[in-house]
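Dear colleague,

I am passing on the structure that we spoke about, and my notes follow below it. Please read them with the coordinates open beside you.

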Amino acid sequence: MLERQRLARSASVEELRAQLQDDQPCPVCGSQEHPYHQPEALLQSLGRHDQTEEAGALQAVEALKLKLDELRSTLGGVNGQIKEYLHQQEQLAVQQQALAPGLEAHALYAQLSAQDVGERSAWLEHQLRRLNDDIARDEQRLATLLTLQKDAARVQQQVQASVEANQQAAQHLSQQQHALQADDEHLEQALAGFATLLPGDILDALRREPAATFLQLDQQLAQRLELLDRQRTSSRSTPSVSSSLKRPRCSNRRSNSAIRPCSNRSMHCAPSSNRPATP
């Protein structure tokens, strides 16, 4: 700005501006308008322009101050982080020294040491992926083992229930065997009372198969009772015919007071003519 004012006030510029005339072209730019022909107009224009540039420069300075403050704040934060990182680095160094013996005793330490420094990170990542795969397989196996353990516990409960049911069944069977033994004793005692009334083969059949033998005897008894009922019914329906057939054979012996058998063994003559023979 000062250089521009110095040039505007130089002798050659003053001489050239004095030679300018209205409606005549400028020998420098060829313009026919000469707004700065008069010195006062030029100074006013330069003043206004200088004020504008000064205001812009002040704004730029304020913006730069704000930016400087931001950079100082950022620098302070970065310095704090650097200090924190340095502190962490010291702590990590101490931890590394403490872990160094265990690391050197690890089975993979020889392989890690054989790797280049730039390739150790990739090698460790590969080992980490392998370790994660092994952990995933182990977790799957553990889940399978837990499932098998639950199944085994359920089967054990079923076996225990089966054993208890078997014990109950055995106890019930023992009770039934005792009951059957008591029933056999009662049957033997009852059959002893029929020893003089029933044949030996029937008694043996009652001992071997009492239910079937009792059923057979019951059927035989029902048949005999039915036969007796028929005989009684037949004898009641034909008493006069039977007596008329038997009387002539016994007419010459009515003088005897006792009842004597006729020629038919199943019939007897009655002492009176009005009484029929009975079987």
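What is the relative accessible area of R137, and is R137 buried, partly exposed or exposed? R137 is partly exposed, with a relative accessible area of 41%, where buried means under 20% relative accessible area, exposed means over 50%, and partly exposed lies in between, for a 1.4 Å probe and protein chains only.

Before the rest, a word on conventions. This is a predicted model, in which local features need pLDDT of at least 70 and side-chain atom pairs count only at pLDDT 80 or more, while totals for chains, interfaces and linings use all residues. Residues are numbered from 1 along each chain as its sequence is written, and side-chain values use heavy atoms, with hydrogens and water left out.

Salt bridges

A salt bridge is taken here as a side-chain nitrogen of Lys or Arg within 4 Å of a carboxyl oxygen of Asp or Glu, and by this rule the count comes to 4 salt bridges. One of them joins the side chains of R137 and D134, at 2.1 Å from N to O. These two residues are 3 apart in helix α5 (residues 120-193) and are therefore separated by about one helical turn; helices here are DSSP runs (H or I, at least four residues), numbered from the N terminus. D134, at 33% relative accessibility, counts as partly exposed.

Another of the salt bridges links the side chains of R141 and D138, at 3.9 Å from N to O, and these residues, being 3 apart in helix α5, are likewise separated by about one helical turn. R141 is exposed, with a relative accessible area of 54%, whereas D138 is partly exposed at 44%.

In helix α7 the side chains of E226 and R230 meet in a salt bridge of 2.9 Å, N to O, and the two residues lie 4 apart in that helix, about one turn. E226 is partly exposed, with a relative accessible area of 42%, and R230, at 55%, counts as exposed.

The packing of α6 and α7

Helix α6 (residues 200-208) and helix α7 (residues 210-237) pack at an angle of about 135 degrees, with their axes 5 Å apart; the axes are lines fitted to C-alpha atoms over the stretch in contact, and angles run from 0 to 180 degrees between N-to-C directions. The two helices are therefore oblique to each other, given that angles under 35 degrees count as roughly parallel, over 145 as roughly antiparallel, 65 to 115 as roughly perpendicular and the rest as oblique.

With contact meaning heavy atoms within 4.5 Å, I202, A205, L206, R207 and R208 in α6 meet P210, T213, F214 and L217 in α7. The residues of this contact divide into 6 nonpolar, 1 polar and 2 charged, where Ala, Val, Leu, Ile, Met, Phe, Trp, Tyr, Cys and Pro count as nonpolar, Asp, Glu, Lys and Arg as charged, and the others, Gly among them, as polar.

Two buried residues

T213, found in helix α7, counts as buried at 8% relative accessibility, and, leaving aside residues up to four places away in sequence, T213 touches I202, A205 and L206.

L187 belongs to helix α5 and is buried, with a relative accessible area of 18%. Under that same exclusion of residues up to four places away in sequence, L187 touches L206, P210 and F214. L187 and L206 are 19 residues apart in sequence and 8.7 Å apart in space, C-alpha to C-alpha.
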